[in-house]
Amino acid sequence: MTLAPFVRIVAQGKGRARAMTLDEAQDAMSVILQGKAAPEAVGALLMVLRLRGEDPQEIAGFTAALRAHTTGQLPAADLDWPSYAAGRSRGAPLYLLAARLVAQTGVRISMHGHNAYQNVAIRPDDLRALAGPQVRYDPLAELCPEAFSLLDLRKDLGLRSCFNTVLRMWNPAQAPATVQGVFHPSYRSLQAQAAEILGQKTLSIIKGGGGEFERHPSKDIICFGLRKGQHIQEKAPAILSQTRRLHEEGTRIDPMALWQGTLRDPFAEATVTGTAALALWTLDPNLTLNAAQAQANALWLDRTID
């Protein structure tokens, strides 16, 4: 099988083109991941979908194919935490400290990604050091080279593709709960719909710093997602009244110094605890947002500095 029939479906012209069904999208992505697609066809398909806009059925189908391609590679986890932000808006990766904080409660976190800070790639070992020994971090290039090649097409195409969304939906450890960050607010609903199609029950999605699952502590945010398979939209009120960008230009935060207490920055600390609170709230259906924030604050004060 080649990719041509699927390109034809989405690109054959006004009034005739349509979105792929879930099964068609799964077959198309399987062809790509197996290396059976011509590179020109891959680029054509991704850019047509970029121009037309993403569809939940297609995202679900692509994700199902990626999951089938990589089944059984990771140990079981309680929480899936995708991490794929890169670009000028990305600041110090404080979300790693949030994951570290949550993991100190015994939660098994699977974090996977490909990251950059101020357009400089971060070494996986540096990310692991920040996330701590209780968080498993797997770089995409090692976990699935075929998927990394698709993500890396951005260098040649000049634009992100729907595969960025697929990677956030991936959940390679098959964790029962997932947290996701998006850069564009419209993707919150899209990803929740795709997750529902895939049978996922527990998911939280926010517009986060640089597209990561990292909340701004001085802004009200809307959490989209799923609880017991039902769609939710819940407002999380601001934690601080301080007006400040999440990552100010010219302001450098050393995450390890923040964790170890040699640097004090109330805004950065609230970013960490606020993000951790949303993760805790996702994991425990009985927690309110206020209770989750109180738990995160207590964890921060009692964190293990190692």
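His112 has Asp138 in strand S5 as its bridge partner, and strands S2 (residues 109–113) and S5 (residues 135–139) pair in the parallel sense over 5 bridges, where pairing requires that DSSP finds at least two bridges between the strands. The model is predicted, so local features need pLDDT of at least 70 and side-chain atom pairs count only at pLDDT 80 or more, whereas totals for chains, interfaces and linings use all residues. Residues are numbered from 1 along each chain as its sequence is written, and side-chain values use heavy atoms, with hydrogens and water left out.

**Strand S5**
- Of the 5 residues of S5, 4 are buried, so the strand is largely enclosed by the rest of the structure; buried means under 20% relative accessible area, exposed over 50%, and partly exposed in between, with a 1.4 Å probe and protein chains only.

**Helices H1 and H3**
- Helix H1 (residues 4–11) packs against helix H3 (residues 39–52) at an angle of about 25°, with their axes 10 Å apart, which means that H1 is roughly parallel to H3, a term for angles under 35 degrees.
- Phe6, Val7, Val10 and Ala11 in H1 meet Ala41, Ala44, Leu45, Val48, Leu49 and Arg52 in H3, contact being heavy atoms within 4.5 Å.

**Met1**
- Met1 is found in the segment before H1 and, at 63% relative accessibility, counts as exposed.
- Leaving aside residues up to four places away in sequence, Met1 touches Phe6, Val31 and Lys36.
- The C-alpha atoms of Met1 and Ala37 are separated by 8.5 Å, although these residues are 36 residues apart along the chain.

Key: Axes are lines fitted to C-alpha atoms, for helices over the stretch in contact, and angles run from 0 to 180 degrees between N-to-C directions. Helices (H or I, at least four residues) and strands (E, at least two) are DSSP runs, numbered from the N terminus. Angles under 35 degrees count as roughly parallel, over 145 as roughly antiparallel, 65 to 115 as roughly perpendicular and the rest as oblique.
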